[in-house]
Amino acid sequence: MKREITFKLNNEERKVEVDPGWTLLYVLREVLELMGTKEGCGYGECGACTVIIDGLSVNSCLYPILEAEGRAVTTIEGLRAASGELHPLQQAFVNEGAVQCGFCTAGMIMSAKALIDENEKPTEDDIKDNIAGNLCRCTGYVQIIDAIKTVAGGGRT
Amino acid sequence: MSDLTTVGKKITKRDAPLKVTGGATYIQDLKIPGMLYGGILYSKYAHAKILKLDTTRAERLPGVMAVITAADVPNNFRFGIMKDNPPLKGGRVRSTRDEIAAVAAVSAEIAAAALELIEVEYEELPGIFDPLEAMKEGAPLVHEEMKSNILKMPWKLICGDVEAAKKESAYVVSDTFRTQWVTHCCLGTSGCIAALDTSNNLTMYSNTQIPSLAQNDYIEALAAFGLKGRRVRIIQCTIGGGFGSKLDTYAYEYIAILLAMKTRKPVKFIFSREEEFFATSPRQCSITKISQGCDKDGRLTFREMEMVLDNGAYTSWGATTPSVMMMPISSLYKVPNIKYVAQCVYTNNTYSQAMRGYGNPQATFAIESSLDQLAEKAGLDPYELRFRNANEPGELTPQNFQVTSCGMKECMAEVVKRLDWKGKKGNGNGRGVGMASLIHVGGGARVYKSDGCGTIIKMDDRGKVDVLTGATEIGQGSETVLAQIVAEVLGVPIDDINVINNDTDVCPWDVGAHASRSTFVAGNSALGAARKIREQMLAVAAQNMGEDPASLDIKNGVVFSRNDKEKSLPLSKVLRKVHYTSGGKMFMAEHFYDPPNENFDKEFKGNLSVSYAYGVHGVEVEVDRETGQVKILNYIAAHDVGKAINPMLLEGQIYGGGLMGIGYALGETMIYEKGRLKNGNFLDYKMPTAKDVPPVQAVIVETDEQAGPFGAKGIGEPGLVPTAPAIANAIYDAVGVRIKDLPITPEKVLRALQEKAQADTGRSGA
């Protein structure tokens with residue numbers, strides 16, 4: 001039994017026919033074909049699927065799509081400026097070598113954005129706490145933390 | 001080389017903009033019209049007879065297009081280096097990851113539902129899970145036709161006379177060390193899409209680290225499946241992590257081919273995280289007996305090691321890791337007499353494969369832990385013992401490695417200085433310092449007949465450059481490093497370089513992203529091709545400018561005369577002049593570089609690599625005596641890298657390797673009970689998170705390796721090799737307990753502290 005839901009996705013109003021059992025991640029990837037949000041585990045432990053819902057970072061693989069009704073969802077595809085310019089966090093990840101294989105990157109950036117939107121000057125511990133739910137096997141996190149630091153308290157978010 | 005414009009610079013990763021915007025296409029993201037979704041049914045038991053396998057109900061489920069079992073595998077096809085692994089197992093299963101049936105369906109959900117409908121009856125058999133038990137006379141055989149659980153592999157290295165050296169040694173220590181099963185934890189799980197065209201040529205969309213070797217594997221498989229002589233094209237998607245996990249081909253890939261043959265549709269497999277944990281091939285556990293000795297001056301006299309490795313139920317590259325272990329065993333520090341024997345043993349566990357370091361971390365854990373024991377016995381500071389025996393340039397090691405550049409002593413000095421070794425060592429106040437060194441191949445590794453890589457470079461009319469390389473990008477940054485090398489030689493901006501590295505139809509042959517070889521081997525290959533094309537361009541430019549080619553140079557895409565700065569010609573003009581003319585030409589060049597390294601001889605001696613990478617890690621820890629918790633206060637990772645082509649990416653390899661090593665040392669372990677993985681998820685398998693990152697310094701020591709591209713050596717694997725023993729040694733310095741089996745959990749530390757307290761009380765009481 002399909003239902004129609006309405007939510008704001010990357011600042012655009014979207015109406016989508018959904019199966020009530022679907023997760024937000026499934027709808028993003030399989031229905032809307034926004035492939036930037038990744039599934040690394042499917043049970044909320046790796047953070048690769050992190051998106052922002054009403055300002056909070058959320059594992060979209062666990063998030064029931066019906067809960068998205070009326071909410072504002074931001075994915076990695078929604079971060080670039082209309083001009084195509086990268087978001088300062090995206091640019092910082094490029095500049096600081098925070099990207100290797102890249103599979104965790106979208107989720108990592110979304111977690112960092114939620115943090116910086118809420119806390120303009122996070123400490124290093126705040127940053128580590130914030131991304132502790134986003135696993136990365138390539139980087140050892142050091143350059144990711146550096147990248148977030150360069151934006152925290154500095155550039156536009 | 002001070003006037004380098006691109007090499008040696010912090011150049012951002014070429015593929016990073018695509019990855020930070022979510023635009024990179026991983027195998028998870030790829031869809032092909034008409035594609036079906038595959039699923040695999042695995043064995044319920046680690047060892048059992050299959051009495052009945054009924055797929056009827058699964059076949060009848062709407063949306064299921066094919067169900068296959070062992071009966072559908074033609075010609076008894078088996079894969080793997082010992083050809084002991086059928087893609088689908090029939091009659092008998094030997095591990096809980098044994099594939100017994102597979103489906104292809106119109107959706108992943110239907111495929112999963114179909115697997116539930118397959119009916120299997122088993123007769124469970126007693127399994128064998130401990131390699132030491134499996135070696136015993138009369139142990140149940142994992143493969144009866146092999147007659148023994150001990151693989152017929154020749155791992156034995158003898159240099160000098162260990163028995164004589166033992167007698168002459170002033171100090172000797174002996175002990176046993178154990179390491180655990182650990183897995184790669186690539187964030188992108190395994191997957192592929194197999195697609196056949198109307199003539200049965202195969203296109204495999206793949207994550208592989210070894211496109212040319214995988215191509216060969218699939219060609220062999222197609223021949224066995226009745227499709228001899230068909231072409232195989234491998235297209236690599238963006239790869240979500242490698243670390244050695246994709247150095248072999250796996251059952252699911254052959255199953256995808258079989259299902260594609262049966263359904264005439266492309267078939268996609270994507271592993272769930274659970275499958276990624278239990279059905280891919282991890283780093284094997286090891287049991288190592290080691291003895292080392294030194295003379296009264298602390299010069300090492302001999303090293304003797306005996307190792308048992310759990311091979312698991314089938315054979316992949318894990319069984320060949322002793323060949324790489326020989327490297328630290330024979331050549332880490334100057335040791336004249338060496339004896340090493342390793343046995344790989346079949347069990348009903350998962351089967352082992354390559355993982356970053358390829359055996360080196362297991363061997364180095366034993367060597368470097370034992371070395372601290374020897375230092376204590378000889379009454380020497382562990383640093384002093386290491387320094388006296390450190391490797392040096394120009395050395396020929398007992399295994400016949402010709403050491404060219406070697407910065408081990410410089411790395412050691414960095415660690416001692418940055419850690420305040422002398423101030424912090426031996427304080428015994430719950431804080432302590434430890435160090436450990438590494439050697440690894442840094443100039444390719446001749447493990448196959450060829451260690452080569454090809455590059456083709458072509459230029460368009462505007463001065464833009466296409467670099468077609470065999471090298472695989474697995475996130476490590478080979479694409480960027482190759483672009484830097486070519487940009488430097490051609491004198492063009494890095495943004496004008498486009499690297500194509502993911503299609504066997506257009507990319508030249510390469511042996512694979514393994515053995516820390518891409519920067520060195522693919523780099524030298526790119527360097528050779530770039531030099532050829534530069535020469536061609538300068539010859540034409542010289543004609544046009546009325547100059548001698550030797551007086552010309554190229555910077556920022558403009559050819560200019562060194563003698564007369566006024567004389568210049570944009571490259572694009574040179575290119576167009578030579579193209580748009582009667583009998584014109586386009587600039588293209590190819591270069592195949594195969595390093596002048598040697599395969600081992602029958603005694604496992606020979607110069608495996610053109611150069612060797614060295615490094616020393618130092619760590620300060622604090623041990624909580626109440627809880628056994630180990631906290632890393634300071635971590636120094638100093639690496640001799642030859643030359644850093646890109647310091648930022650290089651540091652990324654050190655940080656990433658280092659934290660993987662910390663996970664190996666302190667937390668990660670695959671817990672198997674009777675062959676079944678009990679912690680196959682990120683909740684229970686303790687891969688380090690951002691909160692586990694200690695204060696860490698990556699120290700780059702440059703030694704200018706003459707054979708390397710711009711002086712560079714490999715750095716992909718070394719970062720995790722000495723981590724675990726450095727930490728174990730620091731714990732010993734802090735609280736006087738030595739943990740000899742990884743991982744060093746708080747429980748083990750606490751138990752050791754209690755045992756030590758009891759022993760101390762006993763001593764003082766007596």
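Between chain A and chain B, 23 residue pairs are in polar contact, both partners at pLDDT 80 or more (N or O atoms within 3.5 Å, one able to donate a hydrogen and the other to accept it; residues adjacent in sequence count only if both atoms are side-chain atoms). This is a predicted model, with local features needing pLDDT of at least 70 and side-chain atom pairs 80 or more, while totals for chains, interfaces and linings use all residues. Residues are numbered from 1 along each chain as its sequence is written, chains are lettered from A in the order written, and side-chain values use heavy atoms, leaving out hydrogens and water.

**Chain A's side of the interface**
- Helices H1 (24-31), H2 (88-95), H3 (105-118), H4 (124-131) and H5 (142-151) of chain A each bring at least two residues to the side that touches chain B (helices are DSSP runs of H or I, at least four residues, numbered from the N terminus).

**Size and salt bridges**
- Chain A puts 43 residues into the contact and chain B 50 (heavy atoms within 4.5 Å).
- About 3,800 Å² is buried between the two chains, 61% of it from carbon and sulfur atoms (accessible area lost on being put together, 1.4 Å probe, summed over both).
- Cys101(A), Phe103(A) and Arg137(A) lose the most area in chain A, together 21% of what that side buries.
- The rule finds seven salt bridges across the interface (a side-chain nitrogen of Lys or Arg within 4 Å of a carboxyl oxygen of Asp or Glu).
- Lys31(B) forms a salt bridge with Glu33(A), their closest N and O atoms 3.9 Å apart.
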